[in-house]
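Biologist: Take me through this one slowly, please. I'd like to learn how to read it piece by piece.

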Amino acid sequence: MNGLSQSGIGNLLEQLYENSTEAIFFFSLEGSVLSMNKAAEQILDPQVAQLMKSGSTEAICMACKGFTSAEEEQTCISCYMSDPERNIPSFQVFLETVGRGIVPYTGSIQMIDAEQGIRVFMLRDLTEQLQTSETLHQKTLVKRVIKAQEDERKRISRELHDSVAQEMLSSLVDLRVLKYMNVEDDVLKKVRQTEGSLMRLLDDIRHLSVQLRPATLDDLGLEAAFRTHFKWTEKNYGLLVHFTSNMQSRRFEGEIETVVYRVCQEAVFNALKYAEVDEVDVELLLTSDVLTLTVRDHGVGFDLNAPTYKGTGLGLFGMKERAELVDAALTVQTGIGKGTTIILTVPLKKEETDIENNHRG
């Protein structure tokens, strides 16, 4: 392999300087700009660029809005340009740019010719990387919040079921004993009224416990939790849910089961509130690498392009947020008078398709 000549390397470096998307400045020891490439000139206000070209040592300060130190996100204390002998391989700096406002860059500054005192200052736009980092951070934060919410729901649900409901049941037993004792008719009547109130309250507590976090979801899985929930929905609201599934007793990672259950719960609830229907179709299908939930109604539908939906619109937003937690796709098919179909498609890793064995173990 033939090496490049000095002139060849020089030509390549010149092309890199001219065509690089990174902004490159050459500074003297005094802080005046000796040269800048096209990318550098394009990000600067023309007046600032002109001052730099004229040799102003203050021009860089007009564009710079501070750098990130160990103490502050944006500061000018101990400026990176203040010590001409110091090389800084990487730091974050903020510059006022043309048309884009203040933009974050990762910068590096180093001496490249000690005899002539020439330093090179290079800038790379960090906007896209920071946006990606922020998106990942928000996703992680949402994931933690929802997990904490589900954990708290589970705790309260267990507390209601195992403690409050049991105490109330004990009180009911004591009241029923009074009915067989020699008491006045008016006292007996009051006992029966109180018994009825406690029974209704006990039903409410059991319902609240299930709504917070159904024990069947953790103990038996999605299919059992769905069937229990749909029976309750039909009994209390008269909404008939036609449920089909090919999962049998298959189990999945807890987060996947929670997401699928909550999305289905919200979709059925939305149909109950807004679709003006008495029946809903729910289908849960498992293939080798995909779990698909479909909730379909033949109701009034709505306009997806409308600025606002019936209700708050938070239902759809919440479903989409939950879907993202497990890298699932949420599709909404609807139109005025065309009913609504919600499809949740959850990709499964190979090990997730047979978690049932782990549950048995």
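Biologist: Are E257 and R251 buried or exposed?
Modeller: Here's the scale, using a 1.4 Å probe and protein chains only: buried is under 20% relative accessible area, exposed is over 50%, and partly exposed is in between. On that scale, E257 and R251 are both buried.

Biologist: What should I know about the model, and what pLDDT do side-chain atom pairs need?
Modeller: Residues are numbered from 1 along each chain as its sequence is written, and side-chain values use heavy atoms, leaving out hydrogens and water. This is a predicted model, where totals for chains, interfaces and linings use all residues, local features need pLDDT of at least 70, and side-chain atom pairs count only at pLDDT 80 or more.

Biologist: How many helices and strands does the protein chain have?
Modeller: They are DSSP runs numbered from the N terminus: helices are H or I with at least four residues, strands are E with at least two. For the protein chain, the tally is 11 helices and 11 strands.

Biologist: What share of the residues is buried?
Modeller: The protein chain has 361 residues. It exposes about 21,700 Å², with carbon and sulfur atoms supplying 52% of that; the area comes from the Shrake-Rupley method with a 1.4 Å probe, and for residues only the protein chains shown count as cover. The buried share of the residues is 37%.

Biologist: Back to charges: which residue pairs with E41 in a salt bridge?
Modeller: Side chains of opposite charge can pair when their charged atoms come close. The structure holds 5 salt bridges, and one of them, at 2.6 Å from N to O, joins E41 and K53. That pair links distant parts of the chain, 12 residues apart: E41 sits in helix α2 (residues 38-43) and K53 in helix α3 (residues 46-53). E41 is partly exposed at 33% relative accessibility, and its partner is K53.

Biologist: Why do the buried residues of α3 line one face, and within what arc do they fall?
Modeller: The buried residues of α3 are V48, A49 and M52. An α-helix has 3.6 residues a turn, so residues three or four places apart point the same way. The arc uses the directions from the helix axis to the C-beta atoms. Seen down the axis of α3, the buried residues line one face because they fall within an arc of 100 degrees.

Biologist: What do the buried residues of α3 pack against, and which residues are exposed on the other side?
Modeller: The buried residues pack against β1 (23-27), β2 (33-36), α2 and α4 (59-63). The exposed residues on the other side of α3 are P46 and Q47.

Biologist: How far apart in space are F94 and G66?
Modeller: F94 is in strand β4 and is buried, with 7% relative accessible area. Contact means heavy atoms within 4.5 Å, and beyond its neighbours within four places in sequence, F94 has contacts including A63, G66 and I102. F94 and G66 are 28 residues apart in sequence, yet their C-alpha to C-alpha distance is 5.7 Å.

Biologist: Which residue's side chain joins that of S28 in a polar contact of 2.9 Å?
Modeller: A polar contact is a pair of N or O atoms within 3.5 Å; within protein, one must be able to donate a hydrogen and the other to accept it, and residues adjacent in sequence count only if both atoms are side-chain atoms. S28 is in the loop between β1 and β2 and counts as buried at 8% relative accessibility. Its side chain has a polar contact of 3.2 Å with that of E30, and the contact of 2.9 Å is with S32.

Note on methods
A salt bridge is a side-chain nitrogen of Lys or Arg within 4 Å of a carboxyl oxygen of Asp or Glu.
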